[in-house]
Amino acid sequence: MKDANQALLETFTAELPRLKRFLSARSGCAASGEDLAQEAWIRLSRYPSRAGSAPHLFLWRIARNLAIDFARRSVVLCEKDAVPLSESIADAAPTPEAEVIARSEIDAMKSAIAQLPKRRRDMFAAAAFEGESATQIAARYGLSKRTVEMEIRRAVDHCAEISFRAK
């Protein structure tokens with residue numbers, strides 16, 4: 001039994017890239033293609049005796065049937081939930097109100113950062129905007145890593161407090 005399962009797994013692994021391409025093309029979505037490929041494996045491993053001496057043919061028959069079932073479900077869903085395309089696409093542009101809110105939040109954050117003592121502001125900027133680690137910042141300033149972490153935490157707390165007040 002172990003050898004049969006191993007043979008099925010080897011067949012599935014060998015066919016997987018082509019299987020994913022086939023199912024993705026049939027479903028119109030790479031994620032759905034991967035899901036269908038996994039479902040094909042589940043069905044193949046569930047019925048090893050049906051694979052016989054040609055497990056790759058059985059695997060492809062499973063995949064074809066899954067693609068057909070997926071297409072049938074998609075058509076039914078599309079007919080039930082049909083919405084005109086113009087109604088289904090959300091406007092990606094922010095509303096004028098959202099723009100004003102975002103600008104005021106950005107201004108508040110800039111103000112909060114500007115209020116920080118210079119060394120704390122520089123450490124915060126290095127960590128937040130330049131991606132430096134606390135160890136790198138500590139080495140640059142000749143401080144302990146713990147001191148740098150506390151300075152950055154204080155900066156974050158200050159900015160969070162200012163941001164909270166701005167809302």
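What follows looks at one pair of packed helices and then at some salt bridges. This is a predicted model, and it holds 10 salt bridges.

**How H7 and H8 pack**
- Helix H7 spans residues 118–128 and helix H8 spans residues 134–141; their axes lie 10 Å apart, at an angle of about 145°.
- The crossing of H7 and H8 is right-handed.
- On the H7 side, the contact is made by Arg119, Asp122, Met123, Ala126 and Ala127, and these meet Ile137, Arg140 and Tyr141 of H8.
- Sorted by class, this contact has 5 nonpolar and 3 charged residues, with no polar ones.

- Within H7, lysine 118 and aspartate 122 sit 4 residues apart, about one turn of the helix, and their side chains form a salt bridge at 2.8 Å, N to O.
- Lysine 118 is exposed, at 54% relative accessible area, while aspartate 122 is partly exposed, at 27%.
- In helix H9, lysine 145 and glutamate 149 are likewise 4 residues apart, and the closest N and O atoms of their salt bridge are 3.9 Å apart.
- Both partners here are partly exposed: glutamate 149 has 34% relative accessibility and lysine 145 has 42%.

- Arginine 120 and glutamate 151 meet in a salt bridge of 2.8 Å, N to O.
- This pair links distant parts of the chain, with arginine 120 in H7 and glutamate 151 in H9 (residues 145–166), 31 residues apart.
- Arginine 120 and glutamate 151 are both buried.
- Salt bridges with shared partners join Arg119, Arg120, Glu151 and Arg154 into one network.

Technical notes. Residues are numbered from 1 along each chain as its sequence is written. This is a predicted model: local features need pLDDT of at least 70, side-chain atom pairs count only at pLDDT 80 or more; totals for chains, interfaces and linings use all residues. Side-chain values use heavy atoms; hydrogens and water are left out. Axes are lines fitted to C-alpha atoms, for helices over the stretch in contact, and angles run from 0 to 180 degrees between N-to-C directions. Helices (H or I, at least four residues) and strands (E, at least two) are DSSP runs, numbered from the N terminus. A crossing is left-handed if the near helix is turned anticlockwise from the far one by less than a right angle, and right-handed if clockwise. Contact means heavy atoms within 4.5 Å. Ala, Val, Leu, Ile, Met, Phe, Trp, Tyr, Cys and Pro count as nonpolar, Asp, Glu, Lys and Arg as charged, and the others, Gly among them, as polar. A salt bridge is a side-chain nitrogen of Lys or Arg within 4 Å of a carboxyl oxygen of Asp or Glu. Buried means under 20% relative accessible area, exposed over 50%, partly exposed in between (1.4 Å probe, protein chains only).
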